[in-house]
Amino acid sequence: MNVPARVITLVNVAHFIDHYAMLIFAAAVIVMGPTMNMTYAELLPYATPGFVAFGAGSLVTGWLGDRWSRRHMMVIYFFGIGASMIAVGLVQTPLQLGAALFSIGAFASIYHPVGTAMIVSYADRIGREMGINGVWGNFGVASSALITGVVGQFLGWRYAFILPGLATLALGVVFMRGVAHEDRSGFRQAAAQSRVAKSDMWRVILALLITVIAISTTFNAVTVALPKLFAERLSDLTQSPALLGVIAAGVYVFGALTQYNIGGLIDRYSLKAVCVPLSFVLAPFLYFAASLSNISLIVVAIGIIIGLFGQITVNEAMVGKYTSEEWRSRAYAVRYFVGFTAAGASVGLVSFLYEKGGFMMMLHSFAALCVLVIVAALILPPEIPVAQTTESYRMLAGARRAGLRRSPFGLRQA
């Protein structure tokens with residue numbers, strides 16, 4: 001029998017590693033060029049296969065997590081991504097670099113559908129744990145460039161991959177020894193006991209798809225555009241790239257705080273009660289950001305980050321609460337596949353909109369897109385009271401004895 005706190009802690013660490021590993025190259029590529037006799041523009045495209053694998057691979061890894069073993073998949077994750085990081089540090093040719101980065105993306109694709117499902121399976125309070133898990137991921141994003149820059153400066157870019165790779169392998173040993181495989185099919189978790197009527201599931205699915213597409217596209221666009229936006233609009237405050245970086249990092253801190261606080265609200269109230277007021281944040285803040293500068297822009301940017309990170313936490317909790325244990329990894333796999341695909345398209349969209357009308361057109365366009373988030377929140381159905389869901393678990397236990405088995409959202413004859 002696994003200790004839930006230990007499982008959740010190790011899976012949270014894995015979330016940190018996942019985002020950290022995917023962004024090492026983005027920081028290291030600046031100094032890799034001279035050693036490989038290539039320019040920045042020539043090297044950067046070699047990261048593309050890894051990001052494709054990161055999104056597309058989740059469909060396969062989520063299926064394996066449900067059909068085989070989430071614990072075993074996470075063991076493969078730790079050892080696979082650790083070895084892949086080391087491999088990048090040892091490459092000698094561009095072809096080897098592309099293959100090693102692809103390997104990082106392929107193994108990184110395991111985490112979100114499998115690791116997130118494990119969090120839900122062992123959590124007593126899904127909102128709190130989803131919020132904390134999001135903070136770990138944010139720290140991975142924030143620290144990757146910083147640590148890579150320091151290690152690269154003093155030890156060389158190869159060690160920026162090799163050292164975290166070795167640390168990940170060590171953590172893989174800890175995970176393998178500390179977490180055992182458990183067949184948790186049909187387990188009743190307090191965190192996942194909220195339900196909606198089967199006839200209303202189409203509303204949940206539609207709301208989730210709309211929100212994931214809109215939020216993933218906007219989130220990636222904002223993270224890509226924010227440094228440039230600050231460089232243009234904060235010129236009266238500072239011309240220092242370092243200080244601009246500190247300001248951007250300070251804005252993102254509010255994202256981590258938001259995920260933790262929204263997680264607490266999800267544990268106390270229904271998803272719709274949290275989601276509806278949160279959905280009204282993004283569109284107006286994005287709209288007004290288009291014409292602001294200096295201090296007022298920083299304040300509005302904080303509002304945008306709060307809206308984005310809050311919605312991400314709600315989306316994670318929605319999948320966890322409304323899908324059965326047997327299908328949860330596959331549900332997360334679809335959610336992340338859709339999200340990462342939409343996010344990938346946003347980079348070209350940012351470039352196109354900025355070229356046509358600058359940040360005014362770009363931010364107004366994404367404000368219009370986020371109106372759909374309001375629509376999605378309003379169509380969410382009400383939750384069935386907990387007492388009724390407890391009774392449904394009793395019915396499920398009896399159904400299993402009678403030879404029935406569960407589909408994603410109901411029971412059917414085995």
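Predicted model: local features only at pLDDT ≥ 70, side-chain atom pairs only at ≥ 80, totals over all residues.
Phe 309 is a buried residue, with a relative accessible area of 4%.

Helix α13 covers residues 294-322, and at 1.5 Å a residue its 29 residues should span 42 Å. The C-alpha atoms at its ends are 43 Å apart, which agrees with that expectation. How much of α13 is buried? The count is 25 of the 29 residues, so the helix is largely enclosed by the rest of the structure.

Now for the rings. Searching the whole structure turns up 8 aromatic pairs. One of them joins Trp 157 and Phe 161 in an edge-to-face arrangement. Both residues belong to helix α8 (residues 157-178), and because they are 4 residues apart, about one helical turn separates them. In general, an α-helix has 3.6 residues a turn, so residues three or four places apart point the same way. Trp 157 counts as buried because its relative accessibility is 6%, and the cut-off is under 20%. Phe 161 is buried too, at 0%.

Phe 309 has a ring partner as well: Phe 219, again edge-to-face. What does this pair tie together? Phe 219 sits in helix α9 (residues 201-233) and Phe 309 in helix α13, so the pair links parts that are 90 residues apart in sequence. Phe 219 is partly exposed, with a relative accessible area of 23%, whereas Phe 309 is buried.

Here are the two pairs side by side:

| Pair | Centre to centre | Angle between planes |
|---|---|---|
| Trp 157 and Phe 161 | 6.1 Å | 85° |
| Phe 219 and Phe 309 | 5.3 Å | 80° |

Aromatic rings also gather in a group: Tyr 77, Phe 78, Tyr 111 and Phe 175 form one aromatic cluster.

Finally, take a look at Met 22. This residue is found in helix α1 (residues 4-36). Is Met 22 buried or exposed? With a relative accessibility of 10%, Met 22 counts as buried. Which residues does Met 22 touch, once neighbours within four places in sequence are left aside? The contacts are Gly 50, Phe 51, Phe 54, Ile 104, Gly 105 and Ala 108. Take Gly 105 from that list: along the chain, Gly 105 and Met 22 are 83 residues apart, yet 6.9 Å separates their C-alpha atoms.

Technical notes. Residues numbered from 1 in each chain as written. Heavy atoms only, no water. Helix = DSSP H or I, 4+ residues; strand = E, 2+ residues; numbered from the N terminus. Expected span 1.5 Å × (residues − 1). Buried < 20%, exposed > 50% of the residue type's maximum accessible area, 1.4 Å probe, protein only. Phe/Tyr/Trp six-rings, centres within 6.5 Å; stacked < 30°, edge-to-face > 60°. Contact = heavy atoms within 4.5 Å.
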